[in-house]
Every structure is written in C-alpha cells, then in structure tokens.
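Please keep the sequence and the 3D view open while you read.

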Amino acid sequence: MGPPLRRVLLLGEGNFSFAAALCGARGTHVVATCYESEEEAAGRGGAARSIRRLRDSGAEVVFSVDCTKLKEYFLPGKREFDRIYFNFPHCGRKAGVVKNRELLARFFHSCAEVLAEQGEVHVALCNGQGGTPADQPRREWHNSWQIVAVAAGAGFILSDVHPFKAETIQGYKCTGYRSQDKSFCVEGALNHILTRSTPPLCVTPMSCKTQLGSQKVSFQVPQVLADKINRGFLKVNSSHPVRTIKEKLSAGLSQALPLQNISSCLPLLHQGHLQGVCHSNIFWIALSPGEAPSTEETSQGLENAVWFSHFGQDTDRNVQEGCPIPKQFYLRPSLLPHAQAIIQKGAFSPGTLHVLSGPVFRQCRITPRSMPVFHEMLVVLAVRRGTENSCIQMLVDNIKTTTSSLHQAVSGVKPSISLQEATSFGTEVNDFAAFECQLGEIQHFICMGTDPDPSGSCVGVIRTAPDELKSSELVLVLVSLNLDLLAMLLCGISDWRMLWTADRRFLQQFPEGELRLFKSFSLYPPSYMHDVSFWVPDGEEFDEVAFHTLARRVSGEMVVSIQLRDSFQQPGTGRRSLCYRVTFQSCDRALGCREAAEMQLRFREEMQQHLGVTLR
C-alpha cells in the first residue's frame with residue numbers, strides 16, 4: 001500500500017486550465033472549484049475541454065463554491081487538504097483594496113478549517129498587491145492588500161514567496177474576474193506560500209526546583225522566563241545550534257590543553273548581596289513558603305556572591321544611583337561564582353581547561369540582540385604568572401580557528417574574530433558587554449564581525465584574577481562566551497527570539513547538530529506601532545529596564561522595539577512626562593492587529609499597577 005494521496009484544492013478557477021495542468025501529477029488528487037455555476041463556467045472559452053480532462057483523470061470538479069465558506073462544501077472526512085491554491089482573487093469590477101483585504105481575511109479564516117496541519121496555502125497576486133518587500137515596485141502599505149497582516153489574523157505566516165511563472169504551466173491561460181475577457185496582468189505576479197503558525201503561548205505559573213547548598217528548594221519562575229527554563233538546549237541529544245557551537249569550541253580547545261567539562265548540575269539560584277551590579281538587571285526570586293535555607297547555607301551563598309566585587313567594582317554605586325536594597329535570592333546572571341566554588345573545593349588543576357556552561361539570566365532592554373536569558377560558556381585556566389598574555393592569545397587563536405572551520409559549513413557567512421583591549425574599546429558596547437563590565441574588571445573583549453557589519457559585536461570577555469588562587473606563581477584566566485550570540489552571527493539569525501521558538505521548522509534546519517545558514521520560515525512579519533504617554537511618579541527615577549521587562553511579560557516577547565519619542569517637564573510643577581513608541585512584531589508566529597491591540601491595552605493597565613505611572 002503506497003503513501004496516501006496528496007489532496008489539492010483549487011479555488012476561483014476561471015477556465016480550469018491551471019487545474020488541468022496539475023491533474024496529471026502522480027500521487028495527487030485534485031479538487032477544482034469555481035464560483036460560477038456549471039452552466040456559466042462551461043460556456044467560457046476552453047473551460048469545457050479542461051473540465052472533461054479533469055474528470056477523465058479522476059479529479060473532482062465542484063461549482064458554485066464560495067471561498068469564504070469552504071467547510072460547507074465537503075464532508076467531514078474529505079475536508080482536509082494538503083494544498084490550497086487561489087490564483088488572483090478579486091472581489092470584481094472596481095472593488096478597492098479594503099474590500100479585497102476583507103475577501104482575503106475571510107478566505108484565510110475559511111482555509112484554517114479545511115487545511116491539513118502541515119499544509120500550505122498558495123495565493124497568487126498581481127505585482128504590488130501583496131504589499132511585501134518582494135513586490136517591485138512596492139506599493140505603500142495602506143494601498144496594498146496587506147497579505148501578511150490579514151493572513152496573521154487567521155493564524156497563518158508567509159513562509160515563501162516567488163515569481164508566478166505562468167509561461168511554465170503547460171496550457172495555462174489567465175482569465176479575468178469571473179472569466180471576463182480582460183485577464184489579470186501576470187507580469188511580475190508573485191506566488192505567496194502561507195503555512196500555519198504555532199498557536200499563541202499559554203504561559204501558566206511555573207515552579208522550578210534547584211539545589212541551594214545542601215537543600216533542594218522550589219521557587220516561582222518569573223513569567224517572562226516561563227517558556228525558557230529547562231529547555232535542554234545543551235543536553236547530549238540536542239541538535240540546537242547553541243550546543244553544536246559549544247561542542248565544537250570544546251573540541252578545538254581540547255586539542256591545545258587538557259579539558260574538563262564540569263558536568264555537575266549547577267544551581268540556578270544565587271543568594272547574597274550583589275555588589276557592583278545594578279539591581280534592576282537582576283531577576284529577584286522569592287522562595288516558596290517554608291523553603292528558606294539554613295543560616296549556614298545562606299552564609300555560603302553570600303561568600304559565593306561576593307566574588308562579583310573582587311575585580312574592584314565600586315560597591316557603593318547602587319546606593320548612589322538610588323537602586324533599591326537587593327533581596328536575598330536571584331537567578332544566576334553569570335557562571336563566575338560556580339567557578340569560584342570549584343577553586344575553593346580544591347577541584348581545580350592548573351594547566352587544565354575547566355569548562356562550565358548553562359543558561360544565565362539578566363533583565364535588559366528590548367533589542368534584537370539583547371537577551372534576558374542566554375547560554376554562557378565559561379573557560380577557566382590557571383597559568384604561570386607572566387605567561388597569561390601568551391595563554392590568552394593561544395585561547396583566542398583557537399577560538400578563531402574553530403569559528404573559521406564552522407563558517408565553512410555555513411555558506412554565505414564570513415565571520416572574523418578579533419581581540420580588543422578593554423582600555424581601547426569604544427564607549428558603544430552591546431548589553432552583554434555592558435553587563436559583564438558590571439561583574440568585574442575586563443582585560444579584553446572578544447568581537448565577531450560578519451558582513452555587512454565587519455566591526456563586529458562583543459561575543460565574549462576575558463578576565464584575569466591574579467589574587468583568586470592565593471598563589472604567587474599562578475594567575476587565573478577566565479573566558480566568558482555568549483553562545484547564543486555566536487549562534488546568531490554564525491547562522492545568520494537576526495533575532496534572538498528565534499533561538500527559543502517552539503516551531504519545529506527551526507531545528508529541522510540543523511539536522512544532527514549541523515550548522516547551516518538559517519532561512520526564516522516567517523517572512524516579512526507585520527508590525528504594529530502603539531504610542532503610550534504617562535507621568536512619572538514625583539521624585540522617582542523611571543526604571544526603563546523594568547518598563548521593558550514588563551513589556552516582554554505582557555506581550556509574551558512580542559515587543560520588538562521600544563523607543564523614547566518625547567520627554568516633557570511641566571513648568572511650575574516640575575512633573576515629568578514620557579512618551580514611548582512600542583512596536584509589536586513576532587519573528588516566528590502569526591500576530592494579528594487585534595491581538596497586538598489587546599496586548600497594548602494590557603500593557604497600559606499593568607504599567608499603572610506595577611510601575612506607578614499615571615497614563616495620559
């Protein structure tokens with residue numbers, strides 16, 4: 001018994017010549033339909049011949065089919081189609097773009113009821129109608145059919161678009177609206193291929209267990225991170241590009257020096273007072289009731305946390321900046337304390353590379369490369385005093401060689417790794433580098449550049465800790481790498497959120513841990529801009545990081561940009577008002593205008609509740 005037949009539905013056929021061209025395909029069952037009655041359709045030039053050919057080949061021909069009510073025409077067992085074609089839909093006569101948008105919207109909602117889960121919808125439009133960058137020339141958005149936005153409202157994303165080549169379809173002859181003599185202009189026409197989006201995330205409150213001292217404790221995961229805890233990207237059976245890069249880097253480094261992976265489970269929580277770090281960048285955690293660790297364990301946690309200040313940070317800076325006094329428990333923002341714990345236990349061998357890896361968590365502003373969670377790879381090496389510079393160069397050369405070999409497998413990407421001294425590094429640093437500077441003094445930045453940005457982005461930092469080993473002969477060298485940012489640059493991924501997508505089509509592009517140039521399965525996603533203005537509470541400094549984090553949580557990471565549009569101080573009272581433009585856009589799933597508007601309303605409500613602002 002062979003594979004099941006692929007069921008193909010064609011809508012709005014004029015003379016049925018397109019359907020006739022498809023009916024001979026092996027393994028395909030064609031259902032061809034038109035809006036007119038059989039009598040009207042058969043009277044059009046060439047239609048009767050095409051209809052006979054379709055029926056002789058075993059295809060179904062159905063008349064008087066309304067594309068906005070598809071499930072009414074097929075029995076429940078025959079409703080599921082693998083492909084739906086609709087070439088040059090049109091309301092007819094001089095219908096404007098608004099009416100044709102409405103037709104497309106109702107059509108897509110109807111498709112959602114009869115399309116197979118992995119099916120495709122093919123819509124051919126005349127040049128310019130779609131309103132995407134693929135149209136050349138491109139119409140203004142308001143004067144187009146806005147196909148990506150209307151499709152998103154029904155749960156579809158645009159996964160591909162290519163020229164509609166009528167001349168390659170044997171026997172095809174384009175007709176006009178309802179087969180009128182004046183045909184549609186197919187020159188420059190585009191075929192839009194749409195697929196089902198993953199459903200919206202339903203984030204529910206989530207608890208997580210972790211080791212804290214000798215005790216296992218549970219805590220409530222911040223809602224903004226609920227879909228990112230315990231994803232297992234670095235597990236042995238994972239094909240995620242983050243793990244592939246980590247394994248390739250480890251393999252390369254192991255050729256230079258003995259290497260030991262720290263495989264023990266590293267606790268997600270730290271405890272104590274963070275010194276030198278602005279506390280609005282930290283995810284503070286309240287333990288579940290009755291689970292506070294003992295005084296002895298708390299003291300140990302404090303000892304580990306203090307290591308952040310060993311690199312000469314100003315411990316009073318947070319008080320000067322007016323940051324609140326920190327709470328006791330927080331999600332780890334770095335793996336540095338875990339490295340210190342290994343040293344203190346004496347489980348550290350000079351001359352051996354010790355590699356720790358795992359997710360770390362940092363509250364940050366919203367940009368395409370600013371990540372509230374990413375996978376850190378921390379390489380720790382003890383070397384003889386005076387040889388640290390040559391050892392640093394050896395490590396960086398090794399990383400260069402590995403990334404160079406990786407890019408050969410990823411056609412179209414040419415990365416370049418450079419080592420820059422911290423003292424000569426410009427004032428413009430990305431969020432990753434800026435936070436690392438808070439953790440302690442940095443000697444070097446590791447930057448990776450790719451076309452068209454050869455200047456590069458900071459993907460790692462190098463520190464030395466001359467006093468940590470309490471030895472006059474040895475110096476500690478620590479290399480911290482952002483694996484997620486490396487994956488983005490090597491695979492051509494423009495938005496960090498794509499690394500965390502639940503859509504299976506992401507990992508399908510990286511079989512068995514191969515690195516490839518990523519091709520987005522959601523092209524030209526629609527964006528929706530909303531402005532919000534408010535009065536800042538009197539006498540308080542506005543916490544912009546908290547503002548961005550709230551936007552992340554309320555929208556489920558659907559906010560792609562927040563820009564300050566205006567700042568105003570009221571004469572006399574001194575009250576300050578801010579106006580921000582919030583842009584909603586998804587990188588991997590359908591986001592309709594109504595859903596974005598609902599997110600904006602929730603955001604406004606929660607701003608008042610959690611940030612204490614007064615909306616204008």
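The protein has 15 helices and 23 strands, where helices (H or I, at least four residues) and strands (E, at least two) are DSSP runs numbered from the N terminus. This is a predicted model, in which local features need pLDDT of at least 70 and side-chain atom pairs count only at pLDDT 80 or more, while totals for chains, interfaces and linings use all residues. Residues are numbered from 1 along each chain as its sequence is written, and side-chain values use heavy atoms, with hydrogens and water left out.

**Overall picture**
- Of the 616 residues in the protein, 54% are buried, a word that stands for under 20% relative accessible area, with exposed meaning over 50% and partly exposed in between (1.4 Å probe, protein chains only).
- Among contacts (heavy atoms within 4.5 Å) between residues at least 6 apart in sequence, 73% join residues at least 24 apart.

**Nonpolar cores**
- A nonpolar core is a set of buried Ala, Val, Leu, Ile, Met, Phe, Trp, Tyr and Cys residues joined through side-chain atoms within 4.5 Å; the largest one here has 96 residues, of which Phe219, Ile245, Leu331, Leu356 and Val479 touch the most other members.
- Strand 15 (residues 373-384) gives the most to this core, contributing nine residues.
- A second, separate core has 33 residues, among them Val31, Ile84, Cys111 and Leu190.
- Leaving aside neighbours within four places in sequence, the contacts of phenylalanine 219 include Met206, Leu268, Ile285 and Leu331.

**Two helices that meet**
- The axes (lines fitted to C-alpha atoms, for helices over the stretch in contact, with angles running from 0 to 180 degrees between N-to-C directions) of helix 6 (residues 241-254) and helix 12 (residues 483-491) come within 9 Å and cross at roughly 100 degrees.
- Helix 6 and helix 12 are therefore roughly perpendicular to each other, since angles of 65 to 115 degrees count as roughly perpendicular, under 35 as roughly parallel, over 145 as roughly antiparallel and the rest as oblique.
- Residues that make this contact include Ile245 and Leu249 of helix 6, together with Leu486 and Leu490 of helix 12.

**Two buried residues**
- Serine 480, found in strand 19 (residues 474-482), counts as buried at 2% relative accessibility.
- Leaving aside neighbours within four places in sequence, serine 480 is in contact with several residues, including Glu376, Phe432 and Val461.
- Leucine 274 lies in the loop between strand 11 (269-271) and strand 12 (284-285), and leucine 274 is buried, with a relative accessible area of 3%.
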